[in-house]
Amino acid sequence: MARSIEPDAKAMSHGIAATGGTLFAEALSFALCDEMPRPVAQARVKTLIAEAAQAGDPLQAIVEKAYPTLDAARIFDPMQHLGTAPADARAFAAAAREAG
């Protein structure tokens, strides 16, 4: 069974999009720390999320309007938040192949 398991990138993208960008709230709060203290950044993110929900817009669109100099495309790019996952997955797959 494990040999037939594959990631479904389209479904994963849909799941991320369904959050309206709130999945990246923590990353956004850290990015805002360049401009303000962390507690203020966290409060600001909560406000931005509320604004996005009220407007029916994705959080990224609200952030781009509120902070035009912030690299929102990078903050809201899932590929920027993988950390060591790809290398860990490759190492696991290699170890599983070696184990037979």
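Modeller: Helices (H or I, at least four residues) and strands (E, at least two) are DSSP runs, numbered from the N terminus. This is a predicted model, in which local features need pLDDT of at least 70, side-chain atom pairs count only at pLDDT 80 or more, and totals for chains, interfaces and linings use all residues. Residues are numbered from 1 along each chain as its sequence is written, and side-chain values use heavy atoms, with hydrogens and water left out.

Colleague: What makes up the secondary structure of the chain?

Modeller: By that definition, the chain has six helices and zero strands. From the N terminus on, the order is α-α-α-α-α-α.

Colleague: How does the radius of gyration of the chain stand against that of a compact globule?

Modeller: The radius is taken over C-alpha atoms, and the globule rule is 2.2 Å times the number of residues to the power 0.38. For 100 residues a compact globule would come near 13 Å, but the chain has 18 Å. The C-alpha trace spans about 55 × 30 × 20 Å along its principal axes.

Colleague: Which residues of helix 4 are called buried?

Modeller: Buried means under 20% relative accessible area, exposed over 50%, and partly exposed in between (1.4 Å probe, protein chains only). In helix 4 (residues 59–66), Leu59, Ile62 and Val63 are buried.

Colleague: Why are these three said to lie on the same side of helix 4?

Modeller: Because they cover an arc of only 100° around the axis, they are on the same side of helix 4. The arc is that of the directions from the helix axis to the C-beta atoms.

Colleague: What covers the buried residues of helix 4?

Modeller: The cover includes helix 2 (25–32), helix 3 (38–55) and helix 5 (72–75), where contact means heavy atoms within 4.5 Å.
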